[in-house]
Amino acid sequence: MSGGSTSLAPTLDAAAQAQIARAAAVLRAGGLVAFPTETVYGLGAAAAQPEAVRRIFAAKGRPADHPVIVHLRSANEIDTWARTVPPAARALAAAFWPGPLTLVLPRSAQAHDLITGGQDSVGLRCPSHPWAQALLQAFGGAVAAPSANRFGHISPTTAAHVRADLGERSDATPTAAVDLVLDGGACPVGIESTIVDLTADVPRLLRPGSITREMLAAVLGHAVAEAGADAPRASGRLDSHYAPRTPLELVDAAALPARINALRGQRLALLAPAAAPLDGGSDLALRLIAPADAADYAQRLYAFLHELDAAAADRILVVRPPHGPLWEAVQDRLRRAAAA
Ligand code: TXA
Ligand code: MG
(Lines give C-alpha, C1' and ligand atoms only; values in the text may rest on other atoms or scores of the structure.)
(Ligands and ions follow the chains in the order given, each with its own letter.)
Protein backbone atom coordinates (compact mmCIF):
# COMPACT_ATOMS: atom_id res chain seq x y z
CA MET A 1 0.00 0.00 0.00
CA SER A 2 1.37 3.40 -0.88
CA GLY A 3 1.15 6.16 1.66
CA GLY A 4 0.19 9.79 1.34
CA SER A 5 -0.51 11.85 -1.70
CA THR A 6 3.02 12.73 -2.68
CA SER A 7 3.80 11.83 -6.26
CA LEU A 8 6.44 9.28 -7.12
CA ALA A 9 9.69 10.52 -8.56
CA PRO A 10 9.76 8.52 -11.79
CA THR A 11 13.12 7.23 -12.92
CA LEU A 12 12.70 6.93 -16.67
CA ASP A 13 15.52 6.78 -19.20
CA ALA A 14 16.16 9.55 -21.73
CA ALA A 15 14.22 7.84 -24.51
CA ALA A 16 11.20 7.44 -22.24
CA GLN A 17 11.45 11.07 -21.13
CA ALA A 18 11.49 12.19 -24.76
CA GLN A 19 8.36 10.13 -25.47
CA ILE A 20 6.66 11.63 -22.42
CA ALA A 21 7.51 15.15 -23.58
CA ARG A 22 6.03 14.38 -27.01
CA ALA A 23 2.93 12.93 -25.37
CA ALA A 24 2.44 16.01 -23.19
CA ALA A 25 2.61 18.19 -26.32
CA VAL A 26 0.00 15.99 -28.02
CA LEU A 27 -2.31 16.39 -25.00
CA ARG A 28 -1.85 20.17 -24.97
CA ALA A 29 -2.77 20.26 -28.66
CA GLY A 30 -6.03 18.40 -27.95
CA GLY A 31 -4.82 14.99 -29.17
CA LEU A 32 -5.14 11.46 -27.80
CA VAL A 33 -2.35 9.56 -26.01
CA ALA A 34 -2.55 5.94 -24.85
CA PHE A 35 -0.43 5.45 -21.73
CA PRO A 36 0.30 2.74 -19.19
CA THR A 37 -1.11 2.89 -15.68
CA GLU A 38 -0.61 0.30 -12.93
CA THR A 39 -4.05 -1.17 -13.80
CA VAL A 40 -4.56 -1.10 -17.59
CA TYR A 41 -3.59 1.24 -20.45
CA GLY A 42 -5.66 4.43 -20.56
CA LEU A 43 -6.68 6.51 -23.59
CA GLY A 44 -5.99 10.05 -22.42
CA ALA A 45 -7.07 13.54 -23.43
CA ALA A 46 -6.73 16.91 -21.69
CA ALA A 47 -9.59 16.78 -19.18
CA ALA A 48 -10.18 20.55 -19.33
CA GLN A 49 -10.67 20.47 -23.14
CA PRO A 50 -14.18 19.17 -23.99
CA GLU A 51 -13.32 18.82 -27.70
CA ALA A 52 -10.33 16.63 -26.84
CA VAL A 53 -12.45 14.46 -24.52
CA ARG A 54 -15.03 14.12 -27.29
CA ARG A 55 -12.37 12.47 -29.46
CA ILE A 56 -11.98 9.69 -26.85
CA PHE A 57 -15.60 8.66 -27.39
CA ALA A 58 -15.20 8.63 -31.16
CA ALA A 59 -11.99 6.55 -30.94
CA LYS A 60 -13.56 3.98 -28.59
CA GLY A 61 -17.00 3.86 -30.22
CA ARG A 62 -18.35 4.51 -26.72
CA PRO A 63 -21.82 5.91 -25.93
CA ALA A 64 -21.60 9.59 -24.89
CA ASP A 65 -23.51 9.06 -21.63
CA HIS A 66 -20.72 6.93 -20.11
CA PRO A 67 -18.49 8.95 -17.76
CA VAL A 68 -14.67 8.86 -17.94
CA ILE A 69 -12.22 8.92 -15.04
CA VAL A 70 -10.15 12.08 -14.47
CA HIS A 71 -6.50 11.24 -13.63
CA LEU A 72 -4.81 13.62 -11.21
CA ARG A 73 -1.20 14.32 -10.26
CA SER A 74 -2.03 14.20 -6.56
CA ALA A 75 -4.83 14.42 -4.01
CA ASN A 76 -4.25 18.20 -3.91
CA GLU A 77 -6.27 18.42 -7.13
CA ILE A 78 -9.41 16.71 -5.77
CA ASP A 79 -11.10 20.00 -4.92
CA THR A 80 -10.65 21.34 -8.44
CA TRP A 81 -12.86 18.57 -9.82
CA ALA A 82 -15.15 17.74 -6.85
CA ARG A 83 -17.34 20.33 -5.10
CA THR A 84 -17.72 18.45 -1.82
CA VAL A 85 -15.19 15.97 -0.48
CA PRO A 86 -16.36 13.98 2.56
CA PRO A 87 -13.78 12.92 5.17
CA ALA A 88 -14.12 9.31 4.00
CA ALA A 89 -12.90 10.33 0.53
CA ARG A 90 -9.90 12.17 1.99
CA ALA A 91 -9.06 9.14 4.13
CA LEU A 92 -9.23 6.76 1.16
CA ALA A 93 -7.11 9.07 -1.01
CA ALA A 94 -4.53 9.41 1.79
CA ALA A 95 -4.36 5.63 2.18
CA PHE A 96 -4.41 4.46 -1.44
CA TRP A 97 -3.25 7.30 -3.73
CA PRO A 98 -1.28 7.17 -5.83
CA GLY A 99 -2.76 3.78 -6.65
CA PRO A 100 -5.57 1.74 -8.24
CA LEU A 101 -8.56 3.39 -6.55
CA THR A 102 -11.18 5.65 -8.21
CA LEU A 103 -13.36 7.91 -6.05
CA VAL A 104 -16.75 9.05 -7.36
CA LEU A 105 -17.63 12.46 -5.87
CA PRO A 106 -20.08 15.32 -6.49
CA ARG A 107 -18.69 17.15 -9.51
CA SER A 108 -17.41 20.72 -9.60
CA ALA A 109 -18.21 23.14 -12.43
CA GLN A 110 -14.83 22.19 -13.92
CA ALA A 111 -16.09 18.64 -14.58
CA HIS A 112 -18.03 19.16 -17.81
CA ASP A 113 -20.78 16.90 -19.14
CA LEU A 114 -18.52 14.87 -21.45
CA ILE A 115 -16.48 13.77 -18.44
CA THR A 116 -19.44 13.04 -16.20
CA GLY A 117 -21.73 11.56 -18.84
CA GLY A 118 -24.21 14.25 -17.82
CA GLN A 119 -24.36 12.92 -14.24
CA ASP A 120 -23.80 15.09 -11.17
CA SER A 121 -20.69 13.11 -10.13
CA VAL A 122 -17.10 12.74 -11.30
CA GLY A 123 -14.67 9.80 -11.03
CA LEU A 124 -11.17 10.76 -9.83
CA ARG A 125 -8.02 8.72 -9.56
CA CYS A 126 -4.31 9.38 -9.00
CA PRO A 127 -2.33 6.61 -10.75
CA SER A 128 0.98 5.32 -9.35
CA HIS A 129 2.60 4.02 -12.55
CA PRO A 130 5.85 5.96 -13.21
CA TRP A 131 4.90 6.65 -16.87
CA ALA A 132 1.44 7.88 -15.90
CA GLN A 133 2.91 10.07 -13.16
CA ALA A 134 5.57 11.45 -15.50
CA LEU A 135 2.95 12.18 -18.17
CA LEU A 136 0.69 14.01 -15.70
CA GLN A 137 3.65 16.05 -14.40
CA ALA A 138 4.91 16.93 -17.90
CA PHE A 139 1.42 17.84 -19.09
CA GLY A 140 0.78 19.83 -15.93
CA GLY A 141 -2.94 19.14 -15.67
CA ALA A 142 -5.61 16.47 -15.35
CA VAL A 143 -6.03 13.75 -17.97
CA ALA A 144 -9.40 12.17 -18.75
CA ALA A 145 -8.92 8.52 -19.65
CA PRO A 146 -11.03 5.40 -19.98
CA SER A 147 -9.33 2.09 -20.75
CA ALA A 148 -7.65 2.19 -24.19
CA ASN A 149 -9.86 -0.36 -25.95
CA ARG A 150 -12.89 -0.18 -28.22
CA PHE A 151 -16.17 -0.17 -26.28
CA GLY A 152 -16.95 -3.65 -24.92
CA HIS A 153 -13.59 -5.12 -25.95
CA ILE A 154 -11.00 -6.56 -23.57
CA SER A 155 -9.00 -3.94 -21.65
CA PRO A 156 -5.37 -3.56 -22.81
CA THR A 157 -2.48 -4.38 -20.49
CA THR A 158 0.29 -3.90 -23.09
CA ALA A 159 1.03 -1.31 -25.79
CA ALA A 160 0.62 -4.09 -28.37
CA HIS A 161 -2.97 -4.68 -27.17
CA VAL A 162 -3.72 -0.97 -27.68
CA ARG A 163 -2.21 -0.86 -31.17
CA ALA A 164 -4.08 -4.01 -32.21
CA ASP A 165 -7.46 -2.68 -31.03
CA LEU A 166 -7.26 1.09 -31.71
CA GLY A 167 -4.25 1.59 -33.98
CA GLU A 168 -1.78 4.47 -33.77
CA ARG A 169 -1.31 7.38 -36.14
CA SER A 170 1.69 7.06 -38.45
CA ASP A 171 2.56 7.82 -42.06
CA ALA A 172 1.02 4.47 -42.98
CA THR A 173 -2.14 5.09 -40.91
CA PRO A 174 -2.70 8.85 -41.09
CA THR A 175 -6.34 8.66 -40.03
CA ALA A 176 -5.91 6.62 -36.83
CA ALA A 177 -7.64 8.35 -33.90
CA VAL A 178 -4.84 7.68 -31.39
CA ASP A 179 -1.95 10.10 -31.92
CA LEU A 180 0.61 8.28 -29.77
CA VAL A 181 0.92 5.05 -27.78
CA LEU A 182 3.42 5.16 -24.91
CA ASP A 183 4.97 1.75 -24.31
CA GLY A 184 5.75 1.26 -20.61
CA GLY A 185 5.57 -2.54 -20.65
CA ALA A 186 2.93 -4.80 -19.10
CA CYS A 187 0.69 -3.25 -16.44
CA PRO A 188 1.61 -4.58 -12.97
CA VAL A 189 -1.94 -4.86 -11.53
CA GLY A 190 -3.65 -5.91 -14.75
CA ILE A 191 -7.31 -5.21 -13.94
CA GLU A 192 -9.09 -1.87 -13.66
CA SER A 193 -9.15 0.23 -10.49
CA THR A 194 -11.52 -0.35 -7.60
CA ILE A 195 -14.33 2.25 -7.84
CA VAL A 196 -15.98 3.63 -4.68
CA ASP A 197 -18.97 5.95 -4.87
CA LEU A 198 -18.89 8.63 -2.14
CA THR A 199 -21.90 10.66 -3.26
CA ALA A 200 -24.32 8.94 -0.83
CA ASP A 201 -24.20 8.67 2.97
CA VAL A 202 -22.48 5.28 2.92
CA PRO A 203 -19.56 4.58 0.53
CA ARG A 204 -20.55 2.04 -2.11
CA LEU A 205 -18.38 -0.35 -4.11
CA LEU A 206 -19.14 0.18 -7.82
CA ARG A 207 -16.36 -2.01 -9.23
CA PRO A 208 -14.12 -4.46 -7.32
CA GLY A 209 -10.39 -4.28 -7.95
CA SER A 210 -7.04 -5.06 -6.38
CA ILE A 211 -7.87 -2.75 -3.47
CA THR A 212 -10.30 -5.12 -1.80
CA ARG A 213 -13.41 -4.33 0.25
CA GLU A 214 -11.46 -5.50 3.33
CA MET A 215 -8.75 -2.91 2.64
CA LEU A 216 -11.39 -0.19 2.19
CA ALA A 217 -13.19 -1.21 5.39
CA ALA A 218 -9.92 -1.09 7.34
CA VAL A 219 -9.55 2.60 6.43
CA LEU A 220 -13.23 3.56 6.69
CA GLY A 221 -13.89 1.73 9.95
CA HIS A 222 -16.97 0.06 8.45
CA ALA A 223 -17.93 -2.10 5.48
CA VAL A 224 -18.64 -0.55 2.07
CA ALA A 225 -22.18 -0.96 0.77
CA GLU A 226 -23.11 -2.77 -2.42
CA ALA A 227 -24.06 -0.76 -5.50
CA GLY A 228 -27.83 -0.92 -5.81
CA ALA A 229 -30.00 -0.46 -8.88
CA ASP A 230 -29.84 3.31 -8.33
CA ALA A 231 -26.04 3.38 -8.55
CA PRO A 232 -24.48 5.72 -11.12
CA ARG A 233 -23.96 4.40 -14.62
CA ALA A 234 -20.62 2.69 -15.15
CA SER A 235 -19.85 0.73 -18.29
CA GLY A 236 -17.69 -1.62 -16.23
CA ARG A 237 -20.93 -2.60 -14.49
CA LEU A 238 -22.73 -3.72 -17.64
CA ASP A 239 -23.41 -7.45 -17.45
CA SER A 240 -21.50 -8.03 -20.65
CA HIS A 241 -18.16 -6.25 -20.71
CA TYR A 242 -14.46 -7.05 -20.99
CA ALA A 243 -15.56 -9.74 -23.42
CA PRO A 244 -13.59 -11.72 -25.99
CA ARG A 245 -15.31 -12.32 -29.35
CA THR A 246 -15.15 -16.09 -28.87
CA PRO A 247 -17.92 -17.37 -26.53
CA LEU A 248 -16.45 -17.88 -23.06
CA GLU A 249 -17.80 -20.38 -20.55
CA LEU A 250 -16.89 -20.79 -16.87
CA VAL A 251 -16.62 -24.40 -15.71
CA ASP A 252 -16.06 -25.92 -12.26
CA ALA A 253 -12.82 -27.90 -12.19
CA ALA A 254 -14.61 -31.13 -11.26
CA ALA A 255 -16.97 -30.80 -14.25
CA LEU A 256 -14.21 -30.07 -16.78
CA PRO A 257 -13.62 -33.57 -18.24
CA ALA A 258 -17.35 -34.09 -18.81
CA ARG A 259 -17.73 -30.65 -20.39
CA ILE A 260 -14.79 -31.21 -22.74
CA ASN A 261 -16.33 -34.54 -23.73
CA ALA A 262 -19.71 -33.00 -24.36
CA LEU A 263 -18.10 -30.41 -26.63
CA ARG A 264 -16.19 -32.96 -28.71
CA GLY A 265 -15.84 -31.75 -32.29
CA GLN A 266 -15.51 -28.12 -31.23
CA ARG A 267 -12.15 -26.35 -31.14
CA LEU A 268 -11.58 -25.42 -27.51
CA ALA A 269 -9.20 -22.94 -25.89
CA LEU A 270 -8.70 -23.62 -22.19
CA LEU A 271 -7.51 -21.62 -19.18
CA ALA A 272 -7.16 -23.97 -16.24
CA PRO A 273 -4.83 -24.59 -13.28
CA ALA A 274 -1.92 -26.94 -13.92
CA ALA A 275 -3.60 -29.66 -11.85
CA ALA A 276 -7.03 -29.47 -13.55
CA PRO A 277 -8.32 -32.89 -14.65
CA LEU A 278 -8.53 -33.23 -18.45
CA ASP A 279 -8.89 -37.02 -18.74
CA GLY A 280 -6.52 -36.87 -21.71
CA GLY A 281 -7.64 -37.51 -25.25
CA SER A 282 -8.80 -34.03 -26.13
CA ASP A 283 -6.79 -32.00 -28.56
CA LEU A 284 -7.16 -28.41 -27.49
CA ALA A 285 -6.55 -25.42 -29.78
CA LEU A 286 -4.76 -23.77 -26.86
CA ARG A 287 -4.13 -24.64 -23.25
CA LEU A 288 -3.03 -21.92 -20.83
CA ILE A 289 -2.07 -22.53 -17.21
CA ALA A 290 -3.98 -20.41 -14.69
CA PRO A 291 -1.80 -19.00 -11.88
CA ALA A 292 -2.65 -20.15 -8.35
CA ASP A 293 -2.01 -16.70 -6.88
CA ALA A 294 -4.83 -14.13 -7.19
CA ALA A 295 -2.56 -11.15 -7.92
CA ASP A 296 -0.67 -13.12 -10.61
CA TYR A 297 -3.95 -14.23 -12.13
CA ALA A 298 -5.29 -10.65 -12.21
CA GLN A 299 -2.07 -9.30 -13.68
CA ARG A 300 -2.21 -11.75 -16.60
CA LEU A 301 -6.00 -12.10 -17.00
CA TYR A 302 -6.48 -9.78 -19.99
CA ALA A 303 -3.38 -11.07 -21.78
CA PHE A 304 -4.83 -14.58 -21.31
CA LEU A 305 -8.19 -13.45 -22.73
CA HIS A 306 -6.49 -11.78 -25.73
CA GLU A 307 -4.48 -14.96 -26.38
CA LEU A 308 -7.47 -17.30 -25.94
CA ASP A 309 -9.49 -15.11 -28.31
CA ALA A 310 -6.71 -15.19 -30.92
CA ALA A 311 -6.67 -19.02 -30.94
CA ALA A 312 -9.62 -19.05 -33.38
CA ALA A 313 -11.42 -21.56 -31.19
CA ASP A 314 -15.17 -22.20 -31.24
CA ARG A 315 -15.33 -21.76 -27.49
CA ILE A 316 -13.18 -20.65 -24.58
CA LEU A 317 -13.41 -22.66 -21.36
CA VAL A 318 -12.15 -21.10 -18.13
CA VAL A 319 -12.00 -23.12 -14.94
CA ARG A 320 -13.72 -21.09 -12.24
CA PRO A 321 -11.04 -19.67 -9.93
CA PRO A 322 -11.31 -19.97 -6.13
CA HIS A 323 -13.63 -17.70 -4.13
CA GLY A 324 -12.40 -15.37 -1.39
CA PRO A 325 -11.63 -11.68 -0.92
CA LEU A 326 -8.56 -11.58 -3.15
CA TRP A 327 -10.42 -13.24 -6.01
CA GLU A 328 -13.50 -10.98 -6.06
CA ALA A 329 -12.26 -8.72 -8.85
CA VAL A 330 -11.08 -11.63 -11.02
CA GLN A 331 -14.42 -13.40 -10.52
CA ASP A 332 -16.22 -10.18 -11.48
CA ARG A 333 -14.28 -9.71 -14.76
CA LEU A 334 -14.65 -13.38 -15.73
CA ARG A 335 -18.39 -13.27 -15.09
CA ARG A 336 -18.72 -10.27 -17.42
CA ALA A 337 -16.46 -11.87 -20.03
CA ALA A 338 -18.74 -14.94 -19.97
CA ALA A 339 -21.96 -12.91 -20.22
CA ALA A 340 -21.43 -11.85 -23.83
O1 TXA B 1 -8.03 1.43 -13.77
C2 TXA B 1 -8.80 2.19 -14.33
O3 TXA B 1 -9.76 2.71 -13.75
C4 TXA B 1 -8.55 2.51 -15.80
C5 TXA B 1 -7.26 3.30 -15.92
C6 TXA B 1 -6.99 3.74 -17.33
O7 TXA B 1 -7.28 4.38 -15.04
N8 TXA B 1 -9.64 3.22 -16.36
C9 TXA B 1 -10.82 2.63 -16.64
O10 TXA B 1 -11.68 3.49 -17.29
O11 TXA B 1 -11.07 1.48 -16.38
P12 TXA B 1 -13.04 3.00 -17.95
O13 TXA B 1 -13.70 4.22 -18.49
O14 TXA B 1 -12.79 1.89 -18.90
O15 TXA B 1 -13.86 2.52 -16.73
C16 TXA B 1 -14.13 3.48 -15.75
C17 TXA B 1 -15.41 3.21 -15.09
C18 TXA B 1 -16.53 3.19 -16.11
O19 TXA B 1 -17.32 2.06 -15.85
C20 TXA B 1 -17.24 4.48 -15.83
O21 TXA B 1 -18.60 4.41 -16.13
C22 TXA B 1 -16.98 4.66 -14.33
O23 TXA B 1 -15.66 4.27 -14.20
N24 TXA B 1 -17.10 6.04 -13.93
C25 TXA B 1 -16.36 7.10 -14.28
N26 TXA B 1 -16.88 8.22 -13.76
C27 TXA B 1 -17.95 7.85 -13.04
C28 TXA B 1 -18.94 8.54 -12.30
N29 TXA B 1 -18.94 9.86 -12.19
N30 TXA B 1 -19.91 7.83 -11.72
C31 TXA B 1 -19.96 6.49 -11.85
N32 TXA B 1 -19.06 5.79 -12.55
C33 TXA B 1 -18.10 6.46 -13.15
MG1 MG C 1 -13.04 0.17 -19.86
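Is C187 buried or exposed? C187 counts as buried, because its relative accessibility is 0%; buried means under 20% relative accessible area and exposed over 50%, with partly exposed in between (1.4 Å probe, protein chains only). The model is predicted, so local features need pLDDT of at least 70 and side-chain atom pairs count only at pLDDT 80 or more, while totals for chains, interfaces and linings use all residues. Residues are numbered from 1 along each chain as its sequence is written, and side-chain values use heavy atoms, with hydrogens and water left out.

**Cysteines**

- The whole structure was searched and zero disulfides were found, a disulfide being a pair of cysteine sulfur atoms within 2.5 Å.
- The closest cysteine sulfur to that of C126 belongs to C187 and lies 16 Å away, which is too far for a bond.
- C126 also counts as buried, because its relative accessibility is 1%.

**Helices α10 and α11**

- Helix α10 spans residues 294–310 and helix α11 spans residues 328–338; helices are DSSP runs (H or I, at least four residues) numbered from the N terminus.
- Their axes are 10 Å apart, and the packing angle is about 20°, with axes fitted as lines to C-alpha atoms over the stretch in contact and angles running from 0 to 180 degrees between N-to-C directions.
- The two helices, α10 and α11, are therefore roughly parallel, a term for angles under 35 degrees.
- On the α10 side, A294, Y297, A298, L301, Y302 and L305 meet V330, R333, L334 and A337 of α11, where contact means heavy atoms within 4.5 Å.

Notes:
Chains lettered and ligands numbered in written order. Parallel < 35°, antiparallel > 145°, perpendicular 65-115°, else oblique.
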